[in-house]
Amino acid sequence: MHSAFPFGFPVATAFYLVLYVLTFVLHHAFMHYVLAGSLCLTWFTLSQRRETVAWAEQPLLATLREWIPFLLSAAITAGVAPLLFIQIVYQHQFYTANLLLWWRWMIVVPVLIVGFYLTYLVKSHRLWTWPYLVRVAVLLVTSACFVFVGFCWTANHLIANRGSTWPEVYTTGQLPFTYTEVIVRMLVWLAGSFPTMCVILGWQLFYRERVSRDGAQNELGQDAWGTRALSRMAIGGLVVSVLAGATYILVIEASAKGLVFGNVGRPYLMMGALGVGLQIGGWISMFRQNRLSLLLLGFVSAGSLTTLVCISVLREAVRLSAVDLLSLADLHAKAAEVGGFGVFLLAAVVVSLLIVWCIQLVRTGTTTSNA
Amino acid sequence: MTHVFPVNDYGPLMPGLVMGAVAIVHVFLAQFAVGGGFLLCYFQWLAMTGRDRHARQFVEGYFKVVVLVSFVLGALTGVGIWLTAIQVSPATIGAMVDNFHWLWATEWTFFCLEIVSGYAFYRYHARLNDRAAMTLLAIYAGASWMSLFIINGILSWQLTPGHWLETRSIVDGFFNPSFWPSLFFRTVVSLTLAGLVGCVVTNLMSTLDRDAQRRLINRAAHLLIPMALMPVLGIWFLLAMPPDSRSWVLGGSPAMMLFLNISIGASLAIGGYAIIGMVMQRLYINGATASLLLLLAFGATAGGEFVREGSRKPYSIRNVLYSNAIEPGEVESLRETGCTAHDPYGLRNDDMYANDQVRMGAKVFRRQCSVCHTVHGTNAVAELTGSWDNDQMRMNIAKLQHTKPFMPPFAGNAEEVEALVQYLNWSNREHPKEWPVSDDPQTIAKIESWLKQAGTLQGDFEQNKKRTASP
């Protein structure tokens, strides 16, 4: 592979690979909000032990509590698409990793169900009237559920990359990686989820503030605290994520390094660095101004999207060093021959229009005549 | 040749049973969500037109149930099915994805619409005008029914691929012979489930008096009226099934017939109660009765899904893939090479096996039997073969597709048949440390002749009729 991702592959392979990466980014954007949001709620609850209901109603926390269940729904729904395309792209590599993870993989869904219902409990007013220890326990379990799911996907990825160890993993049940490797890798994603969450939450708070002003419901004073908190979390997350990423690159195989720093990954490495720079610059500016601004939020959003796409491509570059994707090119070409793409495109257009209509209905279809 | 995957052992549960359990729960919840969309539209219309002053309150209460049950459990068990299907038969899910991924992607777009319209209604309905609320509900109902429409085509293709086998056209595969009866049947089931959940929800609305509750229950019962079509749709579906599959359901397999009867019996009980109690308004449906009817509906759904899954035997995709993930065209070559030759995976607890022949037998069992059987648990081979002597066991396994017509042909060589026989005998005698190796050339030759007689094709369902016709 001597060309930038995904140009070194046959058309069908590149096509499915791109679809996989793009839908993966969409899924991750939502999942980052849920993961970082639940960790953020846990941290603030731990650090503000005497505060209860009033604290939970503070705009930043209230917005998180309100939106995490929906964003989790969105993450699960958006996750169906990369789950579909990864099966076409990696075929038996993906299936075998699933099978070798076995019970760890099978409990992902029950764990997510527990986590999901707990997000509704966190959203409810009732939890915040309960004793401090109960609140902390609920939030810790909620966060742990999502961290565990992240661990399973990380493990799945690592096993898929190590085909030579599969027979041994099967017979011994021992996963073929060290905890250090998993922790460093997970740190990239865990810390990296904060900047994404901060961008989405930043927009939510920005519009919330605007609506409050329009409705003469003054929340002044809250936005400054929120802006500083978001800036700290975003910058902190980016710094830790970059450091963990650099550490991870040190420990990966030479062939993976070759792809990351070579023609395949280098453009994305550079664009990713630019994305990180944009985000840090934008958040520092907003921190100094003590307020969220439309322009700067636009900057950090562009930076965040660029970073997410680039890190997802680099993640695939590491995998491509271990998996001979060209050997599956015939299967990709065969998959590309089946019909239905036109139906999908048509449905995508119609559904997009209907989604816009739904949003429009919420904005304009306010009550005037309900008796 | 299909890829050889590592196989996990679920102890006394066979993987197919784990898959069935997840699938039944998901189908029940998903169909409730589909019907729920229509029920909500109906009640919103009742509210808008002033036909029932409590309908608005019902819509709010019911939608909370949809969100808390369907959006969480329904969505996640849907992912669960996918992950479980990979555990049970990656080759099957792989074939489905390869052939229908654009339709699955299309279904995904409707999932997105469901989530957006559903949450928009859930979050903002209190401040929306009636028309906007109705539009959101209609979009939600339409999107959820479209997801049923699409997945129904993919699932029914597994049983009746129809002309797709020759043309490989996605249109032929999707609009296969059982597509329409299955779609209409599932739509009626969805409406029924929604109506029954409506009765439960109404009983939970403590602010309403009994008369108001009765009126709402009677309205919800209107969704049970299409149940009258179930016998016709059921017969249509049976007629669309391949003759051999139909024969298992109609008596050929006691288990499948029993489950079909459970499904019919439960549906009749619900339908009867609906007519007398709710439509004719002779009975009041309290919370306990409504819950019991819903439980019966779960039983009917479970029975129906069991029959639908079971009637595909010996295939997981008819004429494409056997339930043990071996392709029909592969059997002949596996008879030559053996099914264990290219299996890279050793055995867990390798030391416990008495000798290499038993080990080979365990691997044969794992590859060919374990998806539908256990040794001592559910659908246990130990019990199924318990009364057979050694030669009978050898012959029945070698001629497997003729021994039981819903079994696939044995896809291995004579040594592997013998290894499987030895493994089963060794397992039946509680895993002794010492076990003699059975390598009598005459025995192997006998097995080879049985394998040859059996051939490599699927058992001919009509063979006995043909035998009777010819002297």
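1. Helix axes here are lines fitted to C-alpha atoms, for helices over the stretch in contact, and their angles run from 0 to 180 degrees between N-to-C directions. Helices (H or I, at least four residues) and strands (E, at least two) are DSSP runs, numbered from the N terminus. This is a predicted model, in which local features need pLDDT of at least 70 and side-chain atom pairs count only at pLDDT 80 or more, while totals for chains, interfaces and linings use all residues. Residues are numbered from 1 along each chain as its sequence is written, chains are lettered from A and ligands numbered from 1 in the order in which they are written, and side-chain values use heavy atoms, with hydrogens and water left out.

2. Start with helix H1 (residues 15-48) of chain B and H7(B). Their axes come within 7 Å and cross at roughly 80°. That makes H1(B) roughly perpendicular to H7(B). (Angles under 35 degrees count as roughly parallel, over 145 as roughly antiparallel, 65 to 115 as roughly perpendicular and the rest as oblique.) Contact means heavy atoms within 4.5 Å. On the H1(B) side, the residues include Phe28(B), Phe32(B) and Phe38(B); those they meet in H7(B) include Arg186(B), Leu191(B) and Val197(B). By class, this contact has 11 nonpolar, 5 polar and 1 charged residues. (Ala, Val, Leu, Ile, Met, Phe, Trp, Tyr, Cys and Pro count as nonpolar, Asp, Glu, Lys and Arg as charged, and the others, Gly among them, as polar.)

3. H7(B) also packs on another helix. The axes of H7 (residues 179-204) and H8 (residues 210-221) of chain B come within 8 Å and cross at roughly 170°. H7(B) is therefore roughly antiparallel to H8(B). Gly195(B), Gly198(B), Cys199(B), Thr202(B) and Asn203(B) of H7(B) make the contact with Gln213(B), Leu216(B), Ile217(B) and Ala220(B) of H8(B).

4. Now the interface. In contact are 65 residues of chain B and 63 residues of chain A. The buried area is about 6200 Å², and carbon and sulfur atoms give 73% of it. (Buried area is the accessible area, 1.4 Å probe, that two parts lose on being put together, summed over both.) In chain B, Leu76(B), Trp102(B) and Trp108(B) lose the most area to chain A, together 14% of what that side buries.

5. What polar links cross between the chains? The rule finds 13 residue pairs in polar contact, both at pLDDT 80 or more. (A polar contact is a pair of N or O atoms within 3.5 Å; within protein, one must be able to donate a hydrogen and the other to accept it, and residues adjacent in sequence count only if both atoms are side-chain atoms.) On the side of chain B that touches chain A, H2 (55-88), H3 (90-124) and H4 (130-159) each supply at least two residues. H3(B) gives the most, with 26 residues. That side of chain B divides into 43 nonpolar, 14 polar and 8 charged residues.

6. (The rule is a side-chain nitrogen of Lys or Arg within 4 Å of a carboxyl oxygen of Asp or Glu.) The count between chain B and chain A is 1. Arg123(B) pairs with Glu66(A), the closest N and O atoms being 2.3 Å apart. Within chain B, Arg308(B) bridges to Glu305(B) at 2.8 Å.

7. Check the backbone too. The peptide bond from Phe5(A) to Pro6(A) is cis, with omega near 0°. Another cis bond joins Lys313(B) and Pro314(B), with omega about 5°. Asn290(A) has a positive phi of about 65° although it is not a glycine.
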